[in-house]
Amino acid sequence: MNILLLGGGGREHALAWKLAQSQLLADGGRLFAAPGNPGIARHAALVTLDVGDHAAVTSFCAAGHIGLVVIGPEAPLVDGLADSLRAAGVAVFGPSGAAAQLEGSKGFTKDLCARHDIPTAGYVRVESADAALAALDRFTAPYVLKADGLAAGKGVVIAENRTDAETAIADMFSAAGATLVIEEFMHGEEASLFAITDGTHILPFGSAQDHKRVGDGDIGPNTGGMGAYSPARVLTPALQAEAMEAIVRPTVVAMAAEGMPYSGVLYAGLMLTEHGPKLVEYNCRFGDPECQVLMLRLRGDLGEYLLACAEGRLAAMPPPDFAPDPALTVVLAARGYPDVPEKGGAIDGLDAAEATGAQVFHAGTALDDAGALVAAGGRVLNVTASGATVREAQAAAYRAVEAVDFPSGFCRRDIGWREVAREDA
């Protein structure tokens, strides 16, 4: 079977690395990726495709005898690319455009939760700055402000006081047509729970804990993620079961009942409160950088699971097998990220880093005119390793980081700090 993977970031490199090991590619099958990146090129044939041109993508699938399309990023999903592929008879891993509203619209998800009694924070949806300012009276500091649409993981502001909230509201409504969700602040620790579904059957697919803030100790602005580890042991088996039954399963049932059956990966960002898990938000794709640690731990055939979802036969698949040892990834970002990252910085030492036993996933890299590897994005590399404990995985990842020669890059030095503190206690 031939497989087409869409995307070109660290998440897609991790998926390509794992898909390249799939038995679906046996007997002459090929893995293609568009647009890919220099790391993905080690595992897949890169092709030039405009994912916004649905006809071009479906034509490529027909000409290339593609048996499965895996859509990595959220934007093509929200744009309905999966619908166009299914209409052309192509098996695709990823939800329809209607179902992808779970990520594409914070307000849609909050309203769905309200209709179906899915535990989440109290909220209000507003469509003007005046309405938002008035709505602040219903909440107490800190204030959680969320842009309604896609924001690459950076559309959330947590304002510590009323003045900061009012400033953020003015900024968010500076663009015409903005919609804002204001939520109550939930106390607890966050964790990410992943599940795959064909619209009816659901399988848990691992957990992780992301590190969103740019600076050590979780300070500074939000980013797309500066590192992660898996599993998130704070999400105990009992809490995971509770989250599956109270949050994930009711969501899948509700989406089907409302005529938008959800097929693909469902990534639930959870807050573990004193009253149990509550939904923070949904993503309709594997997280980034959470995908990197999930793929490092997954011992089964990723391709078989994704194809079973696409073909509606997930019920026949066994629970996925993840290695018990934790995995941890450190994001190497370009100087200036998350504001204006410095592009073009030279990168070397990746072979030395991988010689330590780590996997280095390319997130924002390119080749310059001389064929040398350079930074081409904000988050540039994901240095990923495993160990018997999170502390050991952390040490292994940072040993590999030290081998990377990326003078214009930086990273957090405390990825996994919460779990390391629990291990040391």
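Visitor: Why is α1 called roughly perpendicular to α11?

Guide: In this predicted model, α1 (residues 10-19) packs against α11 (residues 302-310) at about 105°, and the two axes are 8 Å apart. Angles of 65 to 115 degrees count as roughly perpendicular, so that is the label α1 gets relative to α11.

Visitor: How do you know which residues of α1 and α11 meet?

Guide: Contact means heavy atoms within 4.5 Å. Leu 15, Lys 18 and Leu 19 of α1 meet Leu 302, Gly 303 and Leu 306 of α11. By class, that contact splits into four nonpolar, one polar and one charged.

Visitor: And what makes α13 and α14 oblique?

Guide: Helix α13 (residues 390-403) and helix α14 (residues 417-424) pack at about 135°, with axes 8 Å apart. Roughly perpendicular covers 65 to 115, and roughly antiparallel is over 145; the α13 and α14 pair is therefore oblique.

Visitor: Which residues do the touching between α13 and α14?

Guide: On the α13 side, Val 390, Arg 391 and Gln 394; on the α14 side, Trp 417, Glu 419, Val 420, Glu 423 and Asp 424. This contact has three nonpolar, one polar and four charged residues.

Visitor: What makes a set of residues a nonpolar core?

Guide: They have to be buried residues of the listed nonpolar kinds, joined through side-chain atoms within 4.5 Å. The largest such core here has 47 residues, with Leu 4, Val 69, Ile 71, Leu 85 and Val 248 making the most contacts inside. Helix α9 (residues 237-257) supplies the largest share, seven residues. There's also a second, separate core of 42 residues, including Leu 19 and Tyr 305.

Definitions and conventions
Residues are numbered from 1 along each chain as its sequence is written. This is a predicted model: local features need pLDDT of at least 70, side-chain atom pairs count only at pLDDT 80 or more; totals for chains, interfaces and linings use all residues. Side-chain values use heavy atoms; hydrogens and water are left out. Axes are lines fitted to C-alpha atoms, for helices over the stretch in contact, and angles run from 0 to 180 degrees between N-to-C directions. Helices (H or I, at least four residues) and strands (E, at least two) are DSSP runs, numbered from the N terminus. Angles under 35 degrees count as roughly parallel, over 145 as roughly antiparallel, 65 to 115 as roughly perpendicular and the rest as oblique. Ala, Val, Leu, Ile, Met, Phe, Trp, Tyr, Cys and Pro count as nonpolar, Asp, Glu, Lys and Arg as charged, and the others, Gly among them, as polar. Buried means under 20% relative accessible area, exposed over 50%, partly exposed in between (1.4 Å probe, protein chains only).
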